[in-house]
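Dear colleague,

I am passing on a structure that I would be glad to have you look over. Please open it alongside the notes below.

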Amino acid sequence: MILCMGKNRFSFIEFVIFAAVTFAVLCLCVCIGSVSIPPADTLSVIWDGARYQAGRIAAALAGLASDGGAAAGSGGAPSWLAARPEGLQASIILSVRLPRVLCVAMTGAALALAGGAMQGLLKNPLADGSTLGVSSGAALGAVTAIAFGIRFPGLPFAGTMVMAILFAFLSLVLILSLAYRLDCSLATNTIILIGVIFSMFVSSLMNIIVTFAADRIRHITFWTMGSLQGAGYQNALVLFGALVICGGIILRRAQELNAFAIGEDNARHIGVDVRRVKLVILITVSGLIGVCVSIGGSIGFVGLVTPHIVRMLVGPNHRRLLPASLFGGAVFLMLADLAARTLLNPIELPIGVVTSLVGAVVFVVIFYRSRRRG
Amino acid sequence: MLQVNDLTVRYGGLTIVDHLSFTVEEGQWLMIVGPNGAGKSTTLDAVTQGTAYTGRVLFEGEDMKKKKAAERARCVGVLMQNHFAEYAFSVEEVAALGRYACSAFLAGRSDEDEQAVENALALTGMISQRKQSILTLSGGELQRTFLAQVFAQDPKLLLLDEPTNHLDLVYQKQVFELIGKWLQTPGRAVISVVHDLSLAKAYGTKILLMNHGRKVACGPAAVVLVPEHLDPVYQMDVGGWMRRMLGQWTESGSI
């Protein structure tokens, strides 16, 4: 929209390269596990599965198009419908690994995008759901929903998810308004310090709830370290929806995020509706983090590490940074998940252990660099 | 062009700007001067709607409060005194952001945007450094980059908040001369907050002297910058001090 000069947008070739790398990592992660399945077999099983599902959907649609669908139901499968892949390998891939890896990839993409957006909005390279305490807030929301049985009729995880999103948003607002009170320039250190303290406070509350409602709530490590073990296609669908809606909104605000990353006052002076953009970004970021936490627990530092590395590759311009972060986050979290389930095989580590190990080191590196410069 | 009526800004119990009124016409360069804490910068903040106030700020007869952010930015541009860069944006990217408000209205007119950025970079002498990261620029270069941004924005009224406070003499001269050149195009005006009374006198066509948030005097330099106004505001013999400073140069014969 603004200018098509040189490297102002994510070019098609870059898109293809990033997508290809992401796809390659995805295949790798589906192949490797406690039972290793050769890539060729993996791909053919996925292909057959996809054809089977596509055929089923097509048949259902055809049934609807003709009279009432009764004919399609009773008349048996049309001849062109692919057979459902069978066997042990097929069931490992299609019902265990593929949904899990898809969920991991999309969680990584969502968290990285949320992190990138926050780092731009707050002009703070250390901002992330975990460093600001937003993930902990979301986890508290989810735990509260489960412990007090808040649910919506007909929608199984909606209660947890809505509470997680709501708590994520409230945490962000609380942390930011506290930070503004203490230091209106929103200095890097103030906001991180408040985030850390807030996380500790919220974790204690969460522990209390988990202790009292231990029969209903998953183990506390799920909420503090995260896991996507046992994630299914339903979860993947929800993540996909969140990514399309919230991700779409954030990507459309790339130019405004550039302005915020240069300075909030500067953004106001060049004509950005500062309050509105900030509200939109905070709501969408809360949406992404809330959905991720309610599905996979709080997985730390993905939103810190990914944009940082991606920025070194494509520069700070959010028109390039945000789409690249989507792919980068997916790759990073898939590799972290792979490490978590294979390094100490057969013991599986919580995925957050791996991301936090990497994240803490990257945090120190960023902090060190920005201190030397400032 | 700009009409400020009965402007009052309060932070808690403190009154920063107290019933201030002034106007700026096309072609004018208004210099706002006064001691620290006189409310100079806050006045600019109120004009750009960066702070809550009572009273009215009218731009060409329309209330600034009622304008949308992008509309405001097409009327009024701002150059601040400090810029703290965090990310390695290029000079060009920063300058191009000046077109934000324009492209919001004229979607698809990218040729015009590109031309405006090009002109702004040329005018400020930043063409050769257009791809450079802003993290590696000197203070003067950084200020010229943001000057290019505000030139690309092409507002009618330019607000400057001590634009050369941290700059060497050579950059001070550069920035003020660039702005003087910018002002020569009809339909434009400048308001700047300055500490240096000599600069105010040299470049300003109108001076607003403030103290404790109130207007002390407003008008041409010859009327405002006189001992009757300056001495009580600064609580010193301003004229005497200026002569003594100049004497350092003339008496020793070094210039």
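This is a predicted model: local features need pLDDT of at least 70, side-chain atom pairs count only at pLDDT 80 or more; totals for chains, interfaces and linings use all residues.

Residues are numbered from 1 along each chain as its sequence is written, and chains are lettered from A and ligands numbered from 1 in the order in which they are written.

Between the chains, 23 residues of chain A are in contact with 32 residues of chain B (contact: C-beta atoms, placed from the backbone, within 7 Å). On the chain A side, the elements giving two or more residues are α10 (254–262) and α11 (264–269) (helices being DSSP runs of H or I, at least four residues, numbered from the N terminus), and α10(A) gives the most, with five residues.

Within chain B, helix α6 (residues 139–153) and helix α7 (residues 169–183) pack at an angle of about 10°, their axes 10 Å apart (axes are lines fitted to C-alpha atoms over the stretch in contact, and angles run from 0 to 180 degrees between N-to-C directions). That angle makes α6(B) roughly parallel to α7(B), a term for angles under 35 degrees. The contact is made by Gly140(B), Gln143(B), Leu147(B) and Phe151(B) of α6(B), together with Tyr171(B), Val175(B), Leu178(B) and Trp182(B) of α7(B).

Lastly, the largest nonpolar core has 174 residues, of which Ala110(A), Leu113(A), Leu288(A) and Met334(A) touch the most other members (a core is a set of buried Ala, Val, Leu, Ile, Met, Phe, Trp, Tyr and Cys residues joined through C-beta atoms within 7 Å, buried meaning 20 or more other C-beta atoms within 10 Å of a residue's own).

With best regards

Conventions:
Two residues are in contact if their C-beta atoms, placed from the backbone, lie within 7 Å. Angles under 35 degrees count as roughly parallel, over 145 as roughly antiparallel, 65 to 115 as roughly perpendicular and the rest as oblique. A residue is buried if 20 or more other C-beta atoms lie within 10 Å of its own, exposed if 12 or fewer, and partly exposed in between; C-beta atoms are placed from the backbone.
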